[in-house]
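Please keep the sequence and the structure in view while reading.

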Amino acid sequence: QHDGPAWAVAWAPGGEELATGSADECVRTWRAPRGGDALALRDTQSGHQLGVTALAVHPRGHLGASSSLDSLVRVWDWKTMEARPTLEFPPSQSWGICFAPDAAGAERLCVAGGSAAEASIWALGSAPEKVCAYSLPGGPGMTDGERKQRFAMAVAMSPDSSKVALSTSGAGVAVFDTETQQLLHMLQQGHNGPVRSLAFTPDSRYLVTPCDDQRLRIFDAEHADLVATLDGHDNMATDVAFTPDGTHFASCSSDSTVRLWEWHSRSCVQTVKSGEGDRDAGSIIWGVQFSDDGKQLATVSEQTMPADDAWKGSVVVYDAI
């Protein structure tokens with residue numbers, strides 16, 4: 001469904017359309033019919049010059065955004081697919097993205113700044129404007145190794161808009177207060193590798209961090225306490241997402257599995273293996289997202305044992321809980 005590994009996925013509100021991004025430099029939007037029917041391609045955008053690493057859709061569903069290895073963040077009108085002004089960054093200074101929760105019609109986009117070691121907030125419009133930045137701690141005395149560990153990978157804003165979380169390639173996860181713009185915590189307990197994704201619980205109280213060390217960790221976002229460490233994946237954990245009611249969450253991994261977890265018991269209640277029974281079995285699942293009604297779960301992946309030496313990206317939608 002993509003001519004290269006599929007790296008990113010995001011649903012539009014309503015649970016009937018989604019976007020996927022790939023190393024093939026394209027963003028594709030799809031219609032996702034209920035009842036197990038095949039995805040229907042809606043549109044293909046090819047404005048990026050390198051692979052697409054992250055996607056986001058505004059909570060009102062009228063805007064989409066994509067971040068790429070070409071250091072551009074493209075914004076477009078979801079309905080018409082017409083381009084809005086593009087955010088341009090220095091090389092390697094844009095990575096993960098998310099829209100801020102809708103507040104009084106605001107159009108604000110959060111960008112994880114890669115080697116800039118920050119999360120920046122942008123007010124969108126005819127001329128996008130950088131509103132503020134949340135910088136990781138550090139100073140001029142850092143070694144090159146320490147700087148590399150501060151590469152900002154993923155960003156998330158709590159549903160109540162009180163906090164911004166920023167993950168790194170090796171320095172843990174930073175949590176900032178949006179009112180004071182000050183660092184609240186550095187969550188470094190246990191992380192032994194990059195944290196590629198972040199997810200707040202719908203009530204904003206907790207933060208889940210999937211890590212390359214195969215584990216998921218749950219933190220109290222206000223007090224920085226490590227609440228739980230979840231084992232189960234056999235390779236790096238790449239993404240995590242909650243159902244809208246917060247009763248369950250899903251994680252995915254380079255072990256070719258998606259795991260569904262029950263929140264209160266912290267127990268895995270279902271495991272789905274990608275490509276089971278296929279000649280192309282074996283994949284890195286890079287992204288997982290629930291539709292906003294919680295009824296469908298979408299994943300994107302790349303095949304690690306491709307048939308005919310053709311690397312492809314897969315988009316799969318499951319009926320959820």
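The structure is a predicted model. Its largest pocket has a volume of about 1600 Å³, and its largest nonpolar core has 17 residues. The count of salt bridges comes to 10.

**The largest pocket**

- A total of 48 residues line the largest pocket, and those nearest its centre are Leu 55, Ile 97, Cys 98, Leu 198 and Gln 289.
- Strands that each supply at least two residues of this lining are β1 (6-11), β5 (52-57), β9 (97-99), β13, β17, β21 (237-242) and β25 (283-290).
- By class, the lining of the largest pocket holds 35 nonpolar, 10 polar and 3 charged residues.

**The second largest pocket**

- The lining of the second largest pocket divides into 9 nonpolar, 3 polar and 1 charged residues.

**The cavity**

- A probe the size of a water molecule, rolled over the atoms, shows where empty space is left.
- The structure holds 1 cavity of 30 Å³ or more, and the volume of the largest cavity is about 40 Å³.
- Val 75, Arg 84, Pro 85, Leu 124, Gly 125 and Pro 128 line the largest cavity.
- This lining comprises 4 nonpolar, 1 polar and 1 charged residues.

**The largest nonpolar core**

- In soluble globular proteins, nonpolar side chains tend to be buried together.
- Within the largest nonpolar core, which has 17 residues, Tyr 134, Val 155 and Leu 166 touch the most other members.
- At least two residues of this core come from each of β10 (108-112), β11 (118-123), β12 (129-135), β13 (152-157), β14 and β15 (173-177).
- Strand β13 supplies the largest share of the core, 3 residues.
- Strand β13 also supplies at least two residues of the lining of the largest pocket.

- Side chains of opposite charge can pair when their charged atoms come close.
- Arg 31 and Glu 17 form a salt bridge in which the closest N and O atoms are 3.7 Å apart. The pair links distant parts of the chain, with Arg 31 in strand β3 (residues 27-31) and Glu 17 in strand β2 (residues 17-22), 14 residues apart.
- Arg 31 counts as partly exposed, at 42% relative accessibility.
- A network of salt bridges links Glu 17, Arg 31 and Arg 42.
- Glu 222 pairs with Lys 163 in a salt bridge whose closest N and O atoms are 2.8 Å apart. Here Glu 222 belongs to the loop between β19 (216-220) and β20 (226-230), whereas Lys 163 belongs to strand β14 (residues 163-168), 59 residues apart.
- Glu 222 is partly exposed, at 44% relative accessibility, whereas Lys 163 is buried, with a relative accessible area of 7%.
- Asp 212 and Arg 196 meet through their side chains in a salt bridge of 2.7 Å, N to O. Asp 212 lies in the loop between β18 (206-210) and β19, and Arg 196 in the loop between β16 (183-187) and β17 (199-200), so the pair ties together parts that are 16 residues apart in sequence.
- Arg 196 has a relative accessible area of 30% and is therefore partly exposed.

**Two serines with positive phi**

- Most residues other than glycine have a negative phi.
- Ser 71 has a positive phi, near 70°, and is not a glycine. This residue lies in the loop between β6 (63-68) and β7 (72-77).
- Ser 71 has a relative accessible area of 6% and is therefore buried.
- Ser 256, which is not a glycine, has a positive phi of about 75°. Ser 256 is placed in the loop between β22 (248-253) and β23 (257-262).
- With a relative accessible area of 5%, Ser 256 is buried.

Conventions
Residues numbered from 1 in each chain as written. Predicted model: local features only at pLDDT ≥ 70, side-chain atom pairs only at ≥ 80, totals over all residues. Heavy atoms only, no water. Helix = DSSP H or I, 4+ residues; strand = E, 2+ residues; numbered from the N terminus. Buried < 20%, exposed > 50% of the residue type's maximum accessible area, 1.4 Å probe, protein only. Salt bridge = Lys/Arg side-chain N within 4 Å of Asp/Glu carboxyl O. 1 Å grid on protein atoms, 1.4 Å probe; cavity = no way out; pocket = protein on both sides within 12 Å on 5 of 7 lines; lining within 4 Å. Points joined across faces, edges and corners; volume = space filled by probe spheres on them. Nonpolar A, V, L, I, M, F, W, Y, C, P; charged D, E, K, R; others polar. Core = buried A, V, L, I, M, F, W, Y, C linked by side-chain atoms within 4.5 Å.
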